[in-house]
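Hello,

Here is the structure we talked about passing on.

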Amino acid sequence: MHKYSEGIDFSIIWKKLHTSLTGEEEEQLKLWLSESTDHQNYFEQVKLFYRNGSQFEDGFQRSEDGWSAISNKVDFKKSRKKNRRLIYATSVAASILVLLAAFYVFKPFLSTSENTNQTLSAIVPGTDKAILMTDDGASYDLSTGTPLTLEEGGTEITSQGTSIKYNEQKGDVEVKYNTLIIPRGGKFNLTLADGTRVWLNADSRLKYPTSFPGEYRVVELTGEAYFEVSKNAQKPFKVLSGSQVIQVLGTSFNISSYQDDPIIATTLVEGKVEVYLEHTPSEHQMLLPNQQSILVKDYNSLIQKNVNVQEFISWKDGWFYFRDKSLEAIMLDLSRWYDVSVQFEDPEMKKLPFTGEFRRYENLEEVLNLLEKTGEVKFETERRKIIIK
């Protein structure tokens with residue numbers, strides 16, 4: 001038996017790096033990683049081994065013999081020394097998972113440092129808030145939690161301040177178009193007239209009709225949203241996002257389509273999704289669960305790959321989750337959720353990759369402290385500007 005194999009099967013490590021895990025397997029891996037730094041270093045070296053293109057026969061990779069096979073291929077003692085910066089830089093699983101465990105257990109007993117930056121500690125996470133723009137140009141602030149009831153085109157619109165719902169009434173309806181705007185530092189839930197549920201992330205907007213009487217159900221997205229589309233085989237659901245079109249009958253998927261991002265990423269959770277470019281519908285991709293389509297805006301081309309969907313949908317469940325994600329991309333996510341600006345003093349720091357997860361509802365100060373404890377990055381604050389050293 002391999003010295004690290006107690007409490008986990010090698011197939012879980014293999015699946016984490018190549019496909020995806022069940023919730024139970026994910027928890028088992030987290031527990032195993034938190035038990036020792038040796039487990040964390042081992043995991044990082046296995047990750048590096050596969051990233052560099054090394055592999056075995058597929059069936060052998062999944063078997064318990066993977067422990068000895070990997071050990072025969074990798075000199076872990078040398079690898080840790082040679083790739084020390086990579087281990088620390090790419091793994092908040094080598095530090096954040098352990099830090100998170102200690103942080104949440106001992107948080108009530110920790111005293112506040114005398115050097116706490118009061119400005120930073122005052123920057124709190126996002127909340128439920130949105131602005132509803134109706135067809136006639138009227139706007140309604142949904143940030144305060146004040147109940148709202150409207151009727152537009154024969155559709156009833158109700159909100160309690162955390163979500164908004166459209167209920168199409170019987171009889172003739174007139175199609176009106178509404179836009180839901182989520183500011184920086186906000187999120188909101190929406191139920192469309194057909195029963196489709198939408199979770200909207202910070203700095204996003206969705207334009208949609210108050211009812212769907214036509215051949216298609218069509219909405220337009222800028223930003224990020226998670227969709228659970230109500231099934232209707234006679235009326236496909238389309239999401240327009242830039243030059244990209246997504247067409248489904250009923251399924252669950254995530255779209256990240258911010259204007260300042262170089263790509264549009266569509267990640268499928270359940271069902272089936274067709275992705276194509278608006279002006280070249282003949283060139284399309286069909287996504288299956290755990291697959292992602294990426295539109296590279298500069299080249300107007302689509303790329304498809306297998307992914308761990310949890311990395312791309314955890315935001316709707318209250319988590320930041322990233323794997324080998326650049327510091328630039330991480331800070332962009334943080335800037336939208338905490339409504340701050342970001343400045344890099346050294347452009348090379350933008351490329352530094354991290355892996356880890358933490359709750360979206362911690363104050364920004366606590367999140368940055370966790371990242372600083374990796375020893376790879378330092379932060380300073382000027383009001384609502386975060387400076388990366």
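Below is what turned up, element by element. One caution: this is a predicted model.

**The strands around β11**

Start with strand β11, which covers residues 217-228. Strands of a sheet pair through backbone hydrogen bonds, either parallel or antiparallel.

- β9 (residues 197-200) pairs with β11 over four bridges, in the antiparallel sense. Here tryptophan 199 sits opposite tyrosine 226 of β11.
- β10 (residues 204-209) is joined to β11 by three bridges, and the two run antiparallel. Leucine 206 faces leucine 221 in β11.
- β12 (residues 237-241) pairs with β11 in the parallel sense, over four bridges. Arginine 217 has phenylalanine 237 of β12 as its bridge partner.
- β14 (residues 252-257) and β11 run antiparallel, with six bridges between them. Alanine 225 is partnered by isoleucine 255 in β14.

Then find alanine 225 and look for isoleucine 255.

**The three-stranded sheet**

A separate heading for this one. Three strands make an open sheet with mixed pairing, in the order β21-β24-β23. β21 (341-344) and β23 (379-382) are the edge strands. Each has a single partner strand, so one side of each has no neighbour in the sheet. From one strand to the next, the twist averages 25°.

β21 and β24 (residues 385-388) run parallel and are joined by four bridges. Serine 341 has its bridge partner in β24, namely lysine 385. Helix α11 packs on this sheet and touches β21, β23 and β24. The direction of α11 makes about 160° with that of β21.

**The α11 and α12 pair**

α11 also packs against another helix. α11 spans residues 327-338, and α12 spans residues 364-372. They pack at an angle of about 165°, and their axes are 12 Å apart. Angles over 145 degrees count as roughly antiparallel, and α11 and α12 are therefore roughly antiparallel to each other. Their crossing is left-handed.

Which residues make the contact? From α11 come Met331, Leu334 and Tyr338. From α12 come Leu364, Val367 and Leu368. By class, the contact has six nonpolar residues, no polar ones and no charged ones.

**Salt bridges**

How many salt bridges does a search of the whole structure find? The count is 13. One to look up is the salt bridge between aspartate 128 and lysine 187. Their closest N and O atoms are 2.6 Å apart. This pair links distant parts of the chain, 59 residues apart. Aspartate 128 is in strand β1 (residues 127-128), and lysine 187 is in strand β8 (residues 186-191).

**Where to look first**

Then move to β11 and follow its pairing with β14.

Best wishes

Key. Residues are numbered from 1 along each chain as its sequence is written. This is a predicted model: local features need pLDDT of at least 70, side-chain atom pairs count only at pLDDT 80 or more; totals for chains, interfaces and linings use all residues. Side-chain values use heavy atoms; hydrogens and water are left out. Axes are lines fitted to C-alpha atoms, for helices over the stretch in contact, and angles run from 0 to 180 degrees between N-to-C directions. Angles under 35 degrees count as roughly parallel, over 145 as roughly antiparallel, 65 to 115 as roughly perpendicular and the rest as oblique. A crossing is left-handed if the near helix is turned anticlockwise from the far one by less than a right angle, and right-handed if clockwise. Contact means heavy atoms within 4.5 Å. Ala, Val, Leu, Ile, Met, Phe, Trp, Tyr, Cys and Pro count as nonpolar, Asp, Glu, Lys and Arg as charged, and the others, Gly among them, as polar. Two strands pair if DSSP finds at least two bridges between them. A salt bridge is a side-chain nitrogen of Lys or Arg within 4 Å of a carboxyl oxygen of Asp or Glu.
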